[in-house]
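Hi,

Here is the structure I said I would pass on. Have a look at it first, and my notes come after.

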Amino acid sequence: MNYGFTHYKDNIYTKVISLNEVEKLFLIHSFAKYKGELFGSSNGKNGKIPLSTPHLKLAEKYGFYRTDKYLYSKNVNLDDVEIIEERKLFSLD
């Protein structure tokens, strides 16, 4: 907040800046490593994190439940996963 950010919701803060203030842009994909496998993940609450996969065999192996036509999900303890961030340089060109 001291740097001009505005609280959006939960733990999300935003700030509008001009492009000439940006040194580098990154595209960041977060994954969760659970029992040796990589899964899509999002922000968790209360010590749990939601994992997802479109792969039926992985879903069946780890007890995921169907949440969409081609998506399976499961909430697991945050302590049971390793969060991995893949960062790639991003260009507006």
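Below is what I found, going from the whole chain down to single residues.

Two bits of housekeeping first. This is a predicted model, so to speak of local features I needed pLDDT of at least 70, and side-chain atom pairs count only at pLDDT 80 or more, while totals for chains, interfaces and linings use all residues. Residues are numbered from 1 along each chain as its sequence is written, and side-chain values use heavy atoms, with hydrogens and water left out.

The whole chain

The C-alpha trace spans about 50 × 35 × 25 Å along its principal axes.

Of the 93 residues, 15% are buried. Here buried means under 20% relative accessible area, exposed over 50%, and partly exposed in between, with a 1.4 Å probe and protein chains only. Looking at contacts (heavy atoms within 4.5 Å) with a separation of 6 or more, 47% are between residues 24 or more positions apart.

Asp-10 has a phi near 45°, and Lys-35 has one near 55°. Both values are positive in a residue other than glycine. In general, most residues other than glycine have a negative phi. Asp-10 sits in the loop between β1 (6–9) and β2 (12–14) and is exposed at 57% relative accessibility. Lys-35 is in the loop between β3 (25–34) and β4 (37–41), and is exposed too, at 58%.

A buried serine

Ser-73 belongs to strand β7 (residues 71–77) and counts as buried, with 12% relative accessibility. Its side chain makes a polar contact with the side chain of Thr-67 at 3.1 Å. (That term means a pair of N or O atoms within 3.5 Å; within protein, one must be able to donate a hydrogen and the other to accept it, and residues adjacent in sequence count only if both atoms are side-chain atoms.) Leaving out residues up to four places away in sequence, Ser-73 touches Leu-51, Ser-52, Phe-64, Tyr-65 and Thr-67.

Cheers

Conventions
Helices (H or I, at least four residues) and strands (E, at least two) are DSSP runs, numbered from the N terminus.
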